[in-house]
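Q: Hi! Could you walk me through this structure in plain words?
A: Happy to, so let's have a look together.

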Amino acid sequence: MDSGYHRRCLLLTVVIFLLQVQLFQAVTLAKTQVPLSSSSSYNTSSRSRSSSLRGRELLGCDLFKGKWVVDSSYPIYEASSCPYIDSEFDCLKHGRSDTQYLKYSWQPDSCNLPRFNGLDLLSKWKGKKVMFVGDSLSENMYQSLACMLHASAPKAPTLQHKDSLTTLTFQDYGVTIYLYRSTYLVDIVKESIGRVLKLDSIQAGDAWKGMDVLIFNSWHWWTHTGRLQPWDYVQYGSTISKDMDRLEAYFKGMTTWGKWVDLNVDPSKTKVYFQGISPSHYRGKEWGSSSKNCYGELQPIQGSTYPGGLPEAQGVLKKVLGAVQKPVYLLDITTLSQLRKDAHPSTYGDGSGVDCSHWCVPGLPDTWNQLLYASFI
């Protein structure tokens, strides 16, 4: 064969090799991208660290993708037998007569979620300190867990309140569970100009050190305005403003929290969770209803997807977690909670108006804790 034929064969081989390299690079790049909303510059796609999103496949399947099924074996405790429920979450105490909302369990699509075993969890946590850090949604989950453990180990735990800290100790197991109230995780400081939300400062973090398990949460208060807003100015670096785009502020504040985790957490000693974005139900059109809110809703949404889509804060949170170097386990409760428009206190809480932000206890937060338990099996 002539030399021209050999040159053509060699050229063809090189072209095929280069195409294979480009294809490999494209596939690799696609696998490392996290799709996020592009509504603003701080919420663009970024590479996600697998360590920050652990929790989706704790038992070999995605525990957070599934549906709600009727289950008459729930609830696992009675509200009247648990002394740790705040009045605002005690829907039965305030006269809620429909109890079907208590009779559902979460069914993942491709596996079974282990049933909560309080004695087993106390044994796994023996001698350990567990702390919830966040707002009233953290309190929702904390009180639910206190009731679930109390039902398994009814010998009265020791309960103490001091300033921002609540302490519950199961003495027979040496287990102490704390609730540290911090609505924004970052600081609010009283200064001469007023109350300043400092997006790049965490002074309270010393109280979070030395824990074996940390469960953080923050989002609910970031949208508050007017008289419900507990700050007058917002500061980032040397810039002080009267206000800021709330998703941008949330991103900056949670990024500060992520840096705190990287600087202060030893993964060999402390397991860190983020509770996830707890949704509200104040717009009936999100689930195809003419109602203004969750009032009168008696059943979950069927299926595994929420018609209104995910809240934008979910994308911001996942971007923040993707930048954290230390392992953070996301309890991705958002979608499964969006499906439970029936599980809020509504008018059966401690106050006037309709509460479609918090959750009845017993109720949905029990499932959050069941998912937490599954991560320790």
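Q: What sits over the ring of Tyr329?
A: The charged end of Lys271 does, 5.0 Å from the ring centre. A charge counts as sitting over a ring if NZ of Lys or CZ of Arg is within 6 Å of the ring centre and within 35 degrees of the ring normal.

Q: And what lies over the face of Trp68?
A: That is Arg340, at 4.7 Å from the ring centre.

Q: Before we go on, where do these values come from?
A: This is a predicted model, in which local features need pLDDT of at least 70 and side-chain atom pairs count only at pLDDT 80 or more, while totals for chains, interfaces and linings use all residues. Residues are numbered from 1 along each chain as its sequence is written, and side-chain values use heavy atoms, with hydrogens and water left out.

Q: Back to rings, then. How many aromatic pairs are there?
A: A search of the whole structure finds 16. Rings of Phe, Tyr and Trp (its six-membered ring) pair if their centres lie within 6.5 Å; planes under 30 degrees apart count as stacked, over 60 as edge-to-face and the rest as tilted.

Q: Why is the pair of Tyr273 and Tyr329 called tilted?
A: Their ring planes are at 40°, so the pair is tilted, and the centres are 5.7 Å apart. This pair links distant parts of the chain, with Tyr273 in strand S14 (residues 271-274) and Tyr329 in strand S15 (residues 329-330), 56 residues apart. Strands (E, at least two residues) and helices (H or I, at least four) are DSSP runs, numbered from the N terminus.

Q: Are those two tyrosines buried or exposed?
A: Both Tyr273 and Tyr329 are buried. Buried means under 20% relative accessible area, exposed over 50%, and partly exposed in between, with a 1.4 Å probe and protein chains only.

Q: Which residues form an aromatic cluster?
A: Tyr180, Trp208, Phe216, Trp257, Trp260 and Phe274 form one.

Q: New topic: how many cavities does the structure hold?
A: It holds three of 30 Å³ or more. On a 1 Å grid over the protein atoms alone, a cavity is a set of points where a 1.4 Å probe fits but cannot get out, and lining residues have an atom within 4 Å of a point. Grid points are joined across faces, edges and corners, and a volume is the space filled by probe spheres set on the points.

Q: How much space is in the largest cavity, and which residues line it?
A: About 100 Å³ lies in it. Its lining includes Trp68, Arg340, Tyr74 and Pro75. H7 gives the most to this lining, with three residues.

Q: What about the second largest cavity?
A: Its volume is about 60 Å³, and its lining includes Tyr74, Pro75, Asp366 and Thr367. H7 provides the largest share of that lining, three residues.

Q: H7 keeps turning up! How many of its residues are buried?
A: 11 of its 11 residues are buried, among them Leu364, Asp366, Trp368 and Tyr373.

Q: Which other residues does a cis peptide bond join?
A: Val361 and Pro362, with omega about 0°. Pro362 is in the loop between helix H6 (334-338) and helix H7 (364-374).

Q: What about phi of Asp163?
A: Phi of Asp163 is near 55°, a positive value in a residue other than glycine. Asp163 is exposed, with a relative accessible area of 76%.

Q: And Leu185, is that one buried or exposed?
A: Leu185 is buried, with a relative accessible area of 1%. Leu185 also has a positive phi, about 70°, and is found in the loop between strand S8 (175-181) and strand S9 (187-191).

Q: Last one: how many residues are in the largest nonpolar core?
A: That core has 55 residues, and those with the most contacts inside it are Trp125 and Ile177. The largest share, eight residues, comes from H3. A nonpolar core is a set of buried Ala, Val, Leu, Ile, Met, Phe, Trp, Tyr and Cys residues joined through side-chain atoms within 4.5 Å.

Technical notes
1 Å grid on protein atoms, 1.4 Å probe; cavity = no way out; pocket = protein on both sides within 12 Å on 5 of 7 lines; lining within 4 Å.
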